[in-house]
Amino acid sequence: MSGSFRCSISLSPLHSNEFPRIPVTKPRIHVPVPKPMTVALSKVVSPLRVAAPGVMIEAAGLEVDRVTEAELKENGFRSTRKTKIVCTIGPRTCEFEEIEALAVGGMNVARVNMCHGTREWHRDVIRRVRQLNEEKGFAVAVMMDTEGSEIHMDDLNDVESTKAEDGQIWTFTVRAFDQPSRPERTITVNYDGFAEDVKVGDELLVDGGMVTFVVIEKIGPDVICRCTDPGLLLPRANLTFWRNGSLVRERNAMLPTISSKDWLDIDFGIEEGVDFIAVSFVKSAEVIKTLKSYIIDRSPGSQIGIIAKIESIDSLKNLEEIIQVSDGTMVARGDLGAQIPLEQVPLVQHEVIQLCRQLNKPVIVASQLLESMIEYPIPTRAEVADVSEAVGQQADALMLSSESAMGQYPEKALAVLRCVSLRIEKCRREEKHWDVTDLRIVSSSKLDEISEEICNTTSRMANKLKADAIFVYTKTGQTASLLSRNRPDCPIFAFAPSTSIQRCLNLKWGLIPFRLDFSDDMESNLNRTFSLLKARAMIKSGDLIIVVSDVMQSIQAIKVP
Ligand SMILES: Nc1ncnc2c1ncn2[C@@H]1O[C@H](COP(=O)(O)OP(=O)(O)O)[C@@H](O)[C@H]1O
Ligand SMILES: C=C(OP(=O)(O)O)C(=O)O
Ligand SMILES: [K+]
Ligand SMILES: [Mg+2]
């Protein structure tokens with residue numbers, strides 16, 4: 001567990017003058033944030049570069065995300081960032097140059113949320129990410145997040161927001177209206193059965209309590225409510241009913257996790273070749289299994305990873321089975337906080353992170369990490385502490401939602417995540433939290449168990465010998481994942497034969513994924529990798545490398561010749 005951090009959270013003052021000072025009118029702290037990746041991409045010179053600047057070098061046979069390469073050179077091997085970053089792409093960041101700015105700032109995964117926007121809009125975004133990868137040498141993975149079928153408000157007929165005042169009477173209804181005929185203070189709800197379980201006296205929470213109403217009357221399809229906590233109603237905000245302090249969820253429990261619209265979105269995602277599908281409001285392991293076999297049928301050999309979003313109260317009962325069958329998990333604190341008491345959210349976060357580590361699955365911590373940065377150029381102290389906690393817990397990845405989708409400072413928010421990650425990771429290394437905790441055995445065969453033990457030993461060896469890097473040659477990504485799970489001090493260079501595995505590995509803690517064709521002859525693989533990496537100034541003679549592969553069950557400790 002993160003324990004206490006003795007180091008102070010002082011961020012590098014290096015670039016402080018490049019960031020705005022606290023405006024006197026806003027009671028915010030000034031956290032100096034380093035400027036976005038200072039290494040200009042054009043300066044990432046490789047002697048092997050054969051293509052025009054800005055183009056990934058394929059002739060060399062070794063492909064790595066150019067920003068990772070730059071970070072590696074700038075921060076040094078051991079201090080390179082281990083925590084990955086997912087950015088939600090929205091109206092503020094959907095143009096090619098805006099996505100590029102996020103990629104330059106260290107985005108590892110771009111997320112599109114099918115709750116919002118049209119399929120055409122998402123298609124354009126996904127294609128821009130792909131184009132960026134191809135033309136400019138990034139390895140940004142794409143995650144498609146399903147809408148799910150929980151109860152939410154409609155899109156307010158394109159109004160940005162609407163204010164509910166204390167004591168006002170509002171109607172929530174399943175009737176749909178065209179804009180001109182929409183009665184005042186009337187909200188359309190997406191699900192026909194939503195009113196069935198509601199009783200007079202129930203509380204209606206919008207977005208987990210941003211606005212609260214009490215039900216005063218039910219008339220056919222209309223639920224009439226009085227506002228008790230005023231606030232802004234935002235498009236597609238989720239709705240939950242509470243009675244005597246408990247969630248009313250009979251109806252929700254009957255809604256399918258994957259709606260018919262979600263299935264169409266999933267088909268779209270498969271067609272567009274997304275790397276991950278994040279499934280909203282997962283309740284049990286069954287739905288993940290069903291989706292996985294559906295994808296295998298639709299697209300045999302597909303590498304699409306399924307991420308289970310932990311955000312429904314029902315998922316908590318089945319946590320271990322859900323994590324076990326998924327390819328990763330997201331602690332989706334936004335909706336989770338609307339379904340369980342807020343004070344339990346950090347406990348669930350901690351539990352999910354621990355379980356994912358035990359079960360060898362990547363975990364993303366999501367929602368409200370830097371919420372104030374939607375409006376302000378600097379985070380609050382509490383937000384910095386929250387990010388530090390997630391990094392200290394060694395989550396694989398952190399996620400930006402509104403901060404990058406529609407906030408005013410997406411690149412600065414990204415810079416804060418990067419900078420806090422680096423600082424807290426350094427702390428943990430200095431504190432020597434070497435993992436003596438017994439990780440469970442996750443392998444199902446003796447052969448796999450041997451690989452697993454090799455990975456555990458490799459990580460221990462790398463820490464003890466203060467190795468500069470671990471190299472892993474991995475055909476499926478499994479061995480790389482088992483190494484990442486150990487959270488070693490040095491980076492793990494993972495060489496994989498396909499760009500899709502390379503992108504999938506980009507979500508995992510401490511992995512630096514390369515695309516490389518390799519053979520079963522480890523000696524020739526190594527010689528080739530050493531010369532390619534040396535030529536790009538990514539390693540030098542004398543560096544200590546611990547090498548493993550899923551081809552050969554051995555560990556080698558090698559000084560780079
Ligand atoms: N494709 C999109 N089109 C329009 N707005 C979007 C889009 N994606 C995200 N947004 C905006 O960014 C906000 C944050 O995104 P996200 O966290 O993914 O959604 P939500 O707030 O619904 O959980 C959304 O509430 C919405 O206002
Ligand atoms: C990440 C989440 O899901 P979404 O943004 O899709 O609601 C969340 O609820 O925290
Ligand atoms: K969603
Ligand atoms: Mg959610």
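A polar contact is taken here as a pair of N or O atoms within 3.5 Å; within protein, one atom must be able to donate a hydrogen and the other to accept it, and residues adjacent in sequence count only if both atoms are side-chain atoms. The structure is a predicted model, in which local features need pLDDT of at least 70 and side-chain atom pairs count only at pLDDT 80 or more, while totals for chains, interfaces and linings use all residues. Residues are numbered from 1 along each chain as its sequence is written, chains are lettered from A and ligands numbered from 1 in the order in which they are written, and side-chain values use heavy atoms, with hydrogens and water left out.

The protein chain contains 16 helices and 23 strands, assigned as DSSP runs (H or I of at least four residues for helices, E of at least two for strands) and numbered from the N terminus. Of its 561 residues, 58% are buried, where buried means under 20% relative accessible area, exposed over 50% and partly exposed in between, with a 1.4 Å probe and protein chains only. The accessible surface of the chain is about 22700 Å², and carbon and sulfur atoms account for 53% of this; areas were computed by the Shrake-Rupley method with a 1.4 Å probe, and for residues only the protein chains shown count as cover. Among contacts (heavy atoms within 4.5 Å) between residues at least 6 apart in sequence, 70% join residues at least 24 apart.

Oxygen atoms of ligand 2 are approached by polar side-chain atoms of K309 at 2.9 Å, of R111 at 3.1 Å and of S367 at 2.5 Å. Taken alone, ligand 2 exposes 290 Å², of which the protein buries 85%.

A polar side-chain atom of R111 lies 2.8 Å from an oxygen atom of ligand 1; the corresponding distance is 2.7 Å for N113 and 2.7 Å for H116. Ligand 1 taken alone exposes 520 Å², and the protein buries 72% of that.

Helix 10 (residues 381-392) has buried residues E383, V384, V387, S388, A390, V391 and G392. Their cover includes helix 9 (345-359), strand 17 (363-366), strand 18 (397-400) and helix 12 (410-430). Just after helix 10, Q394 adopts a positive phi of about 60°. Within helix 9 lies Q349, which counts as buried because its relative accessibility is 3%. Beyond its neighbours within four places in sequence, Q349 contacts V331, R333, V365, A390 and Q393.
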